[in-house]
Structures are given as structure tokens and as C-alpha cells.
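Here are some notes for a colleague who has the coordinates open and wants to go through them point by point.

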Amino acid sequence: MSLFNDVAGYWFEGAVRTLDAIGRGFGSQISADPPPVTPYKVVYETGKVSLRHYRARNRIHATPIVMVYALIKRPFVMDLQPGKSVVESLLKQGFDVYLTDWIPPTKEDAWRGFDAYVNQDLANAVRAVQLEENVDRVHVVGYCFGALLSLLYTALHPENVRNLVTLAIPFDMGARDLSFYNLMDRVDDSSVELITKIYGNCPAWMVNMCFTAMSPIHHALGKYVGMYRNAERDGYAEMFELFERWMSSDVALAGQIFREMTGDIFKRNLLVKGEFKVGGRTVDLKNVTCPLLNVVADLDDVVHPKSSLPLPEKVGSVDRRNLTFPTGHIGAVVSAGAINKLWPEVGGWLADRDRPESDN
Amino acid sequence: MSNKNSKTGDDFGKFFQAAWFDLPAAAAKRFLSSDGEGALRDAGWKAYDAWISLANDASNRMYANPTFGSIAGRGIQTGLQVARVVDAVASAIFGNLWPAIGLPTATDMQGLRADVKALREELRAVRAEAESTDSIADERHDGAYAAARGGDSESAAAAIIWNGYKPEPKRSRKGGKKSVAL
């Protein structure tokens, strides 16, 4: 009987948490973030990006890392708990880390597309790091949607990037191995236009709904039963709570970038075809000539591995490779395995290429 | 497609085995001896895992189904059109008709609240400024007065400034307190 009572209790707490998230507009209130695990200083803010600087205690590497996070959730998942933080792992390896904290767009920001985010905000953020650190180039590490922004930035501004790491990048959207993608195909362009007409942006609740619809059984039942089964495990409950908080930290997607993402990238796959334009300029992936490490989560059920794996073939880099790791989309940044094995490997790869002579 | 079919078959086989063989066997063992608790729990979780896998598979198949996809796509479109109409009707009612019958809109209320908040802040700032001015004046006066009386050389400048004026204690504002003539 305890099973049903406990699972019902967890389910009830989850329902209250969701209602609370709806009430505060999901991740639109930055103040709802949990307290940071690693201390940082905001060194720059412009447009819709705020740049956090995490300083390494024993800095070894000259080139700083600019970590580009996704636009659709809050970035605290990169620094979730002591011992389960990507930021902490990279700092321990002797890198200074700059993390983009995207400011949620308002209705007035509906005009913002890839051009505004890549050529303005991200370009300004990288420039700020160059000035702050007095360096010519930076390492760019992007996660999920942030990896896509990083790739576009590197293709359009190759002179500023020493090394590029893309993690779980939604690249080749021709791959239809996730059933949810098939469902998205049925949402036509006029629906996307309607969304932007009514709301201006793609609202946070809609972003949340998409994530929930990707694995409905897990969100309706599986995670609560998982909580019951692991309740005795040390630290599991705290991690579950933080993780749930992050899951409901969805942020609205600015109208224009939502249109470009769903139409040009998701449906028409223009980036892979070499026809995608940012700010009137066609993105030529052959311009990406710096070393590229493409990290693919083998069990990713948000971005299918098949849509990430073809990236190295399309860029102009000589030093390029895929690194597959047996984890899920989010496990790649929070699981103990990823923190203990994957990120030291990523850090090692960057460290090996932290010399100016590795410039291409 | 054949991969999907074989996975579903595999999941179904696991569920069938767990639900119809392992679970009853573990339950019987538990019934006959007192040490079968762990085996029963394990069999239960095995059946649950197999069921979850089947349910996930079913939801994936549903998403991949063209009929479901087109119904869902049409549903989303219809929902959005309804939302747009509701939005337009609401803005027509609350934008023009509502104020016409003399009722304030949510925007008006928000505006009023913002005004009141701003006024309160202004008042607080003015009060704080007045208090600090009073206290500075009192301090200066007291310093100058003491310097002039005591001939404190350090406050010579203050002694020069002090002209002997000493303000009366503050009176309450007119009408602030009603007095009664007896």
C-alpha cells in the first residue's frame, strides 16, 4: 500500500509544482532559479544575453570557454549540484568559463531571429570575453539549441573560435527516428504563424508541452515511480527536486527564431542543404575550420543521435570527430557518468588544442 | 519498421513472461514460505518495467500514425484559431465595451496600482529626505551652539556661523489635533 500512497504523494507534489510553474510563467522569472552552486560574476549584459563569468581557482589554460546554453530553458542545469556540475568540472580542469544566460524574450522581442541571437547577442558576448581576457579566440561549447547557435556563430565568425564543441546538436533534421518528429511534421506553417500572431513568441507553456509530449508516460507516471524506487538512494530526492525545477523552467522562444527553427531548420532542413540564411548571409559550414568535437548522447530521446552524427562530415575542419557517450540528452550534463568521464574527456580534448599553433 | 515490430514483440514477450509466469510464481512462493518477499518485489518491478516499455512503444506508434498525426495537427490548428477568436473577442469587449459601462479594465487597475506604488515611493523618499535634512540641521545647530558656548577651537568655524538662533520645538500641524476651548 505504501507504493500507491507514496507514488500518489509524489504525483500530487508534481501536479502542484506544475501549477506553480504555470502561475509564474515557467522560467520567465529568473528570480525563481535555485541559488547558484558555483559563484559567478555577471560581466556583460546586452540585448537578450547576460554573460556569467566563473573563475577557475587554479587556471591552467589560457583560452577561456564560452558555454552557449539553449534558449528554451534556464541554464542552472549546467551547475546543478556540487559534484554534478559541468561548470565545476571544467573549472577544476583549469578553464575559466563564461556561460550565456539568455534573458527571456517579451512580446516586444518577437522580431528576434537567429540573426539577432547569433550576430548580435552571441557575437557581442564573445567580443566581451575577448576584451575581458585579452585573447583573440575562445573555445565555444554549445549544448542542444545552444550547440546550433554555436555552430552558426562559428560558421559566420570563424576568426574568433579556437575550438568548437557541440553537444547533442539538432543538426540533420531529415532524420525522423523520433516519433515526436513525425507529429511535429503535421503542424503546418500556418499553425506556426497563428502562434506568433496570437502570442508574439512561442509561449513557455507550449515549449513545456512539447517536452512533456515527447515522453508522456515518463512525465505522467514513470518519473514518480522512479522517485519511489530510488527514494532510499543518497541525494536522489534533492536531485529529483532540482531536476523537476529545471524541467519546468521553460522559457518562451522569440517569434522569429521559432519560425526559422520550425520552418527552415526542422521541416526544410535548410542548414544541412547549405541554404540556411542568417541576416541575409547563407551559412556555409565549410567556413568552420577550427577543430570540432561533436558529442553525441547515445540514448538521446530529445535530439536523436542520427540528427547529430552527420555534423563532422559537413564542416571544413581537418581535426573533427564524433564522441559518442552512453547517456541520455540531459544525462550528458547531469549524470555522474558524464561528469566523471565525458567532461574530463571534453576538457582534455580542449586542453590538447589550447595552443595558438593549432589555429587553422 | 521491422526493427520497431521486433522491439514491440520483444517488449510484449517480456511483459507476458513477467505478468503471467514470474509474478504468479513469486506470489505462490511468498504464500508458501515467508522468505519470498524479495522475489515477489523483483517480479513486480520486472512486470512494471515491461509494461512501461510497452506503453512507451504504444505512444511512439501513436505519434507515428498518419491518421493520429493529421487529427492532432488539425486539432492544434483549430485550437489556435479558437484562441485567436477568443483573443479578438476579449480585446473587443475589454478594450471598448467594458469601459463604456464604466468598469475599469485589468490594464487600468494595473496602471492605478503602479501609480499608487509610485506615489508611495515618492512620499517615502520625500519623508526620508525631510528627516535627514532635519537631523543634519539639528546636528549643525547643536555643534555650533556647543562650540560657541564652550569655545571649542576645533569648532571655531561653526562658532562663527552660529548666530544665536535656536529653533523652537516643532509644533503639531494645524488641524492635526483638535483643541477644545474650555
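1. What percentage of the 182 residues of chain B count as buried? The model is a predicted one, and in it the share of chain B residues that count as buried is 7%. The chain has five helices and zero strands, and its elements follow the pattern α-α-α-α-α when read along the sequence. Among the contacts in chain B between residues at least 6 apart in sequence, 38% join residues that are at least 24 apart.

2. The contact between the two chains draws on 16 residues from chain A and 18 residues from chain B. On the side of chain A that touches chain B, the elements giving two or more residues are α5 (179-185), α6 (189-199) and α8 of chain A, and α6(A) gives the most, with six residues. By residue type, that side of chain A divides into eight nonpolar, five polar and three charged residues.

3. One helix pair across this contact can be described in more detail. Two packed helices are described by the angle between their axes and the distance between the axes. Helix α8 of chain A, residues 216-229, packs with helix α2 of chain B, residues 37-64, at an angle of about 155 degrees and with the axes 9 Å apart. Because an angle over 145 degrees counts as roughly antiparallel, α8(A) is roughly antiparallel to α2(B). The crossing in which α8(A) passes α2(B) is right-handed.

4. Which residues meet where α8(A) and α2(B) come into contact? From α8(A) they are A:Pro216, A:Ile217 and A:Gly222, and from α2(B) they are B:Ile52, B:Ala55, B:Asn56 and B:Ser59. The residues of this contact divide into four nonpolar, three polar and no charged.

5. Within chain A, strand β11 (residues 292-297) is mostly covered, with six of its six residues buried. In a regular strand the side chains alternate between the two faces of the sheet. In β11(A), A:Leu292, A:Asn294 and A:Val296 point one way, whereas A:Leu293, A:Val295 and A:Ala297 point the other way, and all are buried.

6. The strand β11(A) has two pairings that can be checked in the model. Strand β8 of chain A, residues 161-167, runs parallel to β11(A) and is joined to it by four bridges, with A:Thr166 having A:Asn294 as its bridge partner in β11(A). Six bridges join β11(A) to strand β12 of chain A, residues 320-325, and these two strands also run parallel; here the bridge partner of A:Leu292 in β12(A) is A:Arg320.

7. Two backbone angles may be worth a look in chain A. Most residues other than glycine have a negative phi. A:Ala168, although it is not a glycine, has a positive phi of about 55 degrees, and it lies in the loop between β8 and α5 of chain A. A:Asn269, likewise not a glycine, has a positive phi of about 55 degrees, and it is found in the loop between α10 (255-267) and α11 (270-273) of chain A.

8. A:Asn269 counts as partly exposed, because it has 17 C-beta neighbours inside 10 Å.

Definitions and conventions
Residues are numbered from 1 along each chain as its sequence is written. Chains are lettered from A and ligands numbered from 1 in the order in which they are written. This is a predicted model: local features need pLDDT of at least 70, side-chain atom pairs count only at pLDDT 80 or more; totals for chains, interfaces and linings use all residues. Axes are lines fitted to C-alpha atoms, for helices over the stretch in contact, and angles run from 0 to 180 degrees between N-to-C directions. Angles under 35 degrees count as roughly parallel, over 145 as roughly antiparallel, 65 to 115 as roughly perpendicular and the rest as oblique. A crossing is left-handed if the near helix is turned anticlockwise from the far one by less than a right angle, and right-handed if clockwise. Two residues are in contact if their C-beta atoms, placed from the backbone, lie within 7 Å. Ala, Val, Leu, Ile, Met, Phe, Trp, Tyr, Cys and Pro count as nonpolar, Asp, Glu, Lys and Arg as charged, and the others, Gly among them, as polar. A residue is buried if 20 or more other C-beta atoms lie within 10 Å of its own, exposed if 12 or fewer, and partly exposed in between; C-beta atoms are placed from the backbone. Two strands pair if DSSP finds at least two bridges between them.
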